[in-house]
Amino acid sequence: MSESINIKQTIVVRARPDVLYRLALEPKRRAKWDPNLASADYEGEGGRLANNALVRFKFTRRLLGLGFTAKYGQLQAPQRGGWESVRHVGPLEKLTQGWVFKPMPGGTEVTLTVNGRVRYKWVRGPVERVLHNMVATTLLELQRTVDAQGAQLMEDMGRELAEKQKADQKAAKEAAKAARRRK
């Protein structure tokens, strides 16, 4: 008898929906920042983000290193997108993941929904805990990835401003020195 697991979490991220859409749904970009994925790539040649595109995912070792194929669906850039497994994923008959990006002042509301259907009733508890952990870490890393870029940008802008102020002070000092010499 199979049982369903439904997990839905929402956070607010300071970034545009189109940026988050690409980060969350492009397999190669996702594999770079998501600590739950060891690898992700399109199946076949010239893969691109489109409905019915097949993607090969591989979880990290702490998620048992499970590899599976998923099919993209419900893609509406930059508002929503997701995928569902083509065949079973370890103890799960089916695993689906859906993303919703809702623009709001100061950022984007990101909702990640993960649904799974467990093949065996006795494994539901541990699998549900693992999926909850996976959703939480994925959302936190997405936020950290985007905000780290923002933080880096602010740091660079601050450094440039400090250098400009130093240069201005030096120029003012040189001008004052030149004015004193003329007297």
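How many bridges pair S4 and S5, and in which sense, parallel or antiparallel? In this predicted model, the two strands S4 and S5 pair over five bridges in the antiparallel sense, and they form a hairpin in which three residues lie between them. Within this pairing, Gly73 stands opposite Gly82 of S5. The loop between S4 and S5 contains Pro78, and the peptide bond that joins Ala77 and Pro78 is cis, with an omega of about -10°.

The secondary structure of the chain as a whole comes to three helices and seven strands, which follow the pattern β-α-α-β-β-β-β-β-β-α when read along the sequence. The radius of gyration of the chain is 24 Å, whereas the globule rule gives 16 Å for 183 residues, so the chain is more spread out than a compact globule. Along the principal axes, the C-alpha atoms of the chain fill a box of roughly 95 × 35 × 35 Å.

The seven strands form an open sheet with antiparallel pairing, and their order across the sheet is S1-S7-S6-S5-S4-S3-S2. The edges are formed by strand S1 (3-13) and strand S2 (37-42), each of which pairs on one side only. Direction ignored, neighbouring strands of this sheet are turned by 20° against each other on average. In general, strands of a sheet pair through backbone hydrogen bonds, in either a parallel or an antiparallel manner.

The loop between S2 and S3 contains Asn52, which has a positive phi of about 70° although it is not a glycine.

Empty space left between atoms is shown by rolling over them a probe the size of a water molecule. The largest pocket holds about 260 Å³ of space. Its lining is made up of 16 residues, of which Gln74, Gly82, Trp83, Gln97 and Gly98 lie nearest the centre of the pocket. The elements that give two or more residues to this lining are S4, S5, S6 and S7. By class, the lining of the largest pocket comprises four nonpolar, nine polar and three charged residues. Gly82, which lies among the residues nearest the centre of the largest pocket, is also the residue of S5 that stands opposite Gly73.

The second largest pocket has a volume of about 220 Å³. It is lined by 13 residues, and those closest to its centre are Leu64, Leu66, Pro91, Val127 and Val130. At least two residues of this lining are supplied by each of S6 and helix H3 (124-182), and H3 provides the largest share, four residues. The class composition of the lining of the second largest pocket is 12 nonpolar, no polar and one charged residues.

A search of the whole structure for cavities of 30 Å³ or more finds one, and the volume of the largest cavity is about 40 Å³. This largest cavity is lined by Arg30, Asp34, Asn36, Leu37, Phe59, Trp83, Gln97, Met134 and Thr138, which divide into four nonpolar, three polar and two charged residues. Trp83 and Gln97 line the largest cavity, and Trp83 and Gln97 are also among the residues that lie nearest the centre of the largest pocket.

Technical notes: Residues are numbered from 1 along each chain as its sequence is written. This is a predicted model: local features need pLDDT of at least 70, side-chain atom pairs count only at pLDDT 80 or more; totals for chains, interfaces and linings use all residues. Side-chain values use heavy atoms; hydrogens and water are left out. On a 1 Å grid over the protein atoms alone, a cavity is a set of points where a 1.4 Å probe fits but cannot get out, and a pocket is an open set with protein on both sides within 12 Å along at least five of seven lines; lining residues have an atom within 4 Å of a point. Grid points are joined across faces, edges and corners, and a volume is the space filled by probe spheres set on the points. Ala, Val, Leu, Ile, Met, Phe, Trp, Tyr, Cys and Pro count as nonpolar, Asp, Glu, Lys and Arg as charged, and the others, Gly among them, as polar. Two strands pair if DSSP finds at least two bridges between them. Axes are lines fitted to C-alpha atoms, for helices over the stretch in contact, and angles run from 0 to 180 degrees between N-to-C directions. The radius of gyration is taken over C-alpha atoms; the globule rule is 2.2 Å times the number of residues to the power 0.38.
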